[in-house]
Amino acid sequence: MNATAAVAAAVVPAAGRGERLGPGAPKALRELGGVPLLVHAVRALTRSRAVGLVVVAAPADGVAEVVALLDSHGLEGKDIRVVAGGATRQESVRLGLAAIPAEVGIVLVHDAARPLVPVEVVDAVASAVRAGAEAVVPAVPLADTVKRVEPVSGGPEPVLDTPDRSTLRAVQTPQGFRRDTLAEVHAKALAEEAAAAAGGLPPVTDDAGLVERFGGRVVVVPGHEEAFKVTRPLDLVLAEAVLARRRAADAY
């Protein structure tokens, strides 16, 4: 892999509404410590020397707003591009990928809702792809026992079994990919969207899942407890506490 190909680009899909945080602005634009989640997430990526470009997939009607937002928070000197995202996360990643120069060989995909990912996690993911992995996810062991259940609407759910917790991991982002691998699985997914809509395929919630679906190999590197996803109001409270601790320690 040549020097240009070894420098990663990152795609941040940020076109979703994030309704579980309640009504209001899109989740990526909710504030944490007075700064939008999206700005924190982009800043975390730009701190990594492994990342040379960040592409943000913004709401289709909010591209100019996102450009102005990033500029107003001191990111105008970084190589950041904002493109119109799609109706789904998968479509937004595909549109972000299309905006990355062809010579870039490593692509990271990062959730805007994971604003506090430490730079060492970003570095570890990019390094693993650079070392030869086609798909890499950061993950942490589970603290809770997990039960697999038969879903029942409005009533008690029968337990089917209890997986061995030692073999389970909670997956985070950024996830890293060889650019050709990510492009290939997204092209295949686009071709099969009609089958998925008809119920022929189960939904895939992340890009590594697409690699698995189409026969690729995904490996795990250590994640970090502070790279959690801000999805519910309680997550935002926890993120505020983590951010306050970092600021008190001059670590942010």
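Which residues is Gln175 in contact with, leaving aside its neighbours within four places in sequence? The legends below take up this question and others, using a predicted model.

**Figure 1. Overview of the protein chain.** The predicted model shows a protein chain with nine helices and twelve strands. Of its 252 residues, 45% count as buried. Among contacts with a separation of 6 or more, 73% are between residues 24 or more positions apart. The chain exposes about 12,300 Å², and carbon and sulfur atoms supply 54% of that area.

**Figure 2. Surroundings of Gln175.** Gln175 belongs to strand β11, which covers residues 175-178. With neighbours within four places in sequence left aside, Gln175 is in contact with Val107, Leu108, Val109, Val125, Val136, Val137, Pro138, Asp206, Asp207 and Ala208. For one of these residues, Ala208, the backbone nitrogen is reached by the side chain of Gln175 at 3.1 Å. The relative accessible area of Gln175 is 2%, so this residue is buried, the cut-off being under 20%.

**Figure 3. The largest nonpolar core.** This core has 35 residues, of which Leu38, Val42, Val54, Val56, Leu70 and Leu108 touch the most other members. At least two core residues come from each of β1 (8-13), α2 (37-46), β4 (51-58), α3 (63-72), β5 (80-84), β6 (106-109) and α5 (119-130). Another core, of 21 residues, lies apart from it; Ala9, Leu53, Val55 and Leu182 are among its members. In soluble globular proteins, nonpolar side chains tend to be buried together.

**Figure 4. Helix α2.** Ten of the ten residues of α2 are buried, so this helix is largely enclosed by the rest of the structure. The buried residues are Leu37, Leu38, Val39, His40, Ala41, Val42, Arg43, Ala44, Leu45 and Thr46. Leu38 and Val42, both in this list, are also among the residues that touch the most other members of the largest nonpolar core. An α-helix has 3.6 residues a turn, so residues three or four places apart point the same way.

**Figure 5. Arg148 and Asp161.** Arg148 is found in strand β8, residues 148-149. Its relative accessible area is 44%, so Arg148 counts as partly exposed. Not counting residues up to four places away in sequence, Arg148 touches Pro158, Val159, Leu160, Asp161 and Pro163. Arg148 and Asp161 are 13 residues apart in sequence, and their C-alpha atoms are 5.4 Å apart in space. The side chains of Arg148 and Asp161 are joined by a polar contact of 2.7 Å.

How values were computed:
Residues are numbered from 1 along each chain as its sequence is written. This is a predicted model: local features need pLDDT of at least 70, side-chain atom pairs count only at pLDDT 80 or more; totals for chains, interfaces and linings use all residues. Side-chain values use heavy atoms; hydrogens and water are left out. Helices (H or I, at least four residues) and strands (E, at least two) are DSSP runs, numbered from the N terminus. Buried means under 20% relative accessible area, exposed over 50%, partly exposed in between (1.4 Å probe, protein chains only). Contact means heavy atoms within 4.5 Å. Accessible areas come from the Shrake-Rupley method with a 1.4 Å probe; for residues, only the protein chains shown count as cover. A polar contact is a pair of N or O atoms within 3.5 Å; within protein, one must be able to donate a hydrogen and the other to accept it, and residues adjacent in sequence count only if both atoms are side-chain atoms. A nonpolar core is a set of buried Ala, Val, Leu, Ile, Met, Phe, Trp, Tyr and Cys residues joined through side-chain atoms within 4.5 Å.
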